[in-house]
Amino acid sequence: MAELVLPMPFPLSISKVSKMRNQALILLCIVVFGVIGTCHGGSLRKKYYKKTCPTAEEIIKNATEKHVANDPTLPARFLRMHFHDCFVRGCDGSVLLNSTTNNSAEKDAIPNLTLAGFDVIDDIKAEVEEKCPNVVSCADVLALAARDAVSFKFQRPMWEVLTGRRDGRVSRVSEALANLPSPFANFTTLVRNFANQGLNVHDLVVLSGGHTIGVGHCNTFSNRLYNFTGRGDQDPSLNPTYAAFLKTQCRNLTDNTTFVPMDGSVFTFDNNYYVTVKQNKGLFQSDAALLTNKGSRNIVNELLDPKKFFTEFAQSMKRMGAINVLTGNEGEIRKKCFVAN
């Protein structure tokens, strides 16, 4: 069953909305299923591999941290990869599959051409396979690696990852193009993108906070600098001082290699993203869109509180990680993440 999505009474605070959602979801699970835990996310659960591969999560954590220590760009890369995986066919590892002679996979869709770190996911999976062959899914490896990479600097888990996902066998470039939110999207389009995944405005604003780490390539926002309405103009909602800086980095509309930090720093995972959005310094049109709706503006304001952000981000990541998961006998367990069995 899909997650119960409550209508968003925007004047309510995040805490009240979250409480209402949780109470309603628990009630639905009890009424329909008689138990809590078999509703959202299918049969995902804590320590799914406790009997079949007791050290799986430890192996993934240690391997992830080893790679992050040598490459601080990986937290942003894994977080984005996990997001892109979940928004197309659910969190089934389909973004990891390579294209074949007869099929163009998600990985080759234009929004995914700047994804990176696939080789590291393959390395982490190989370490798990060495200990526990054909047990742990690539989908779970990616979900755990994304969490562990972001958590590395904090030395504690920043959100809970339930496990038990199975790997999908299908990966289509067309579905990535149809389902991934665009950096050029307006508020209405973003809401629809998230609603299609069982997520709401609250999740949209919270998960956008992932833009606090990583970079954006010039071609994903340079229209805001040079040709916003097709008349060679600048986006009037963009902070003029920030726009002037961006123009020193991105010299023209055709630059597709230069990149800039998304919120002023590349490696610091915090709530500074919302500070920049409030200052009209959101890099993408989709960032600026969060200020075009009263309800989402209210949520942006509440997430200026660091504690609130970390709490809400953890909850929304858990919901995102359960989108349309394959469990039980569905899908497969891939030995190598880039090729179906």
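These legends go with a handful of close-up views of a predicted model. Residues are numbered from 1 along each chain as its sequence is written. Local features need pLDDT of at least 70 and side-chain atom pairs count only at pLDDT 80 or more, while totals for chains, interfaces and linings use all residues; side-chain values use heavy atoms, with hydrogens and water left out.

**View 1. The whole chain, before zooming in.** The chain holds 14 helices and two strands (DSSP runs numbered from the N terminus: H or I of at least four residues for helices, E of at least two for strands). Take the contacts (heavy atoms within 4.5 Å) between residues at least 6 apart in sequence, and 74% of them join residues at least 24 apart.

View 2. His84 sits in helix H3 (residues 74-86) and is buried, with a relative accessible area of 9%. Not counting residues up to four places away in sequence, His84 touches Glu106, Pro111, Asn112, Leu115 and Leu180.

**View 3. The largest nonpolar core.** A nonpolar core here is a set of buried Ala, Val, Leu, Ile, Met, Phe, Trp, Tyr and Cys residues joined through side-chain atoms within 4.5 Å. The largest one has 74 residues, and Phe78, Leu96, Ile121, Trp159, Phe313 and Met320 touch the most other members. Helix H5 (residues 138-151) gives this core its largest share, nine residues. Domain 1 (55-177) and domain 2 (181-321) both contribute, so the core lies between them; those bounds come from an automatic or database domain assignment.

View 4. Leaving aside neighbours within four places in sequence, Ile121 is in contact with Phe78, Met81, Leu96, Val141, Leu142, Ala145 and Cys337. A second, separate core of 12 residues has Leu225, Ala243, Met262 and Phe284 among its members.

**View 5. Helix H4 and what covers it.** H4 (residues 118-131) has 14 residues and reaches 21 Å from its first C-alpha to its last. That's close to the expected 20 Å, which is 1.5 Å times one less than the number of residues. Its buried residues are Phe118, Val120, Ile121, Ile124, Lys125, Val128 and Glu129. The cover over these buried residues includes helix H2 (56-70), H3 and H5.

Notes. Buried < 20%, exposed > 50% of the residue type's maximum accessible area, 1.4 Å probe, protein only.
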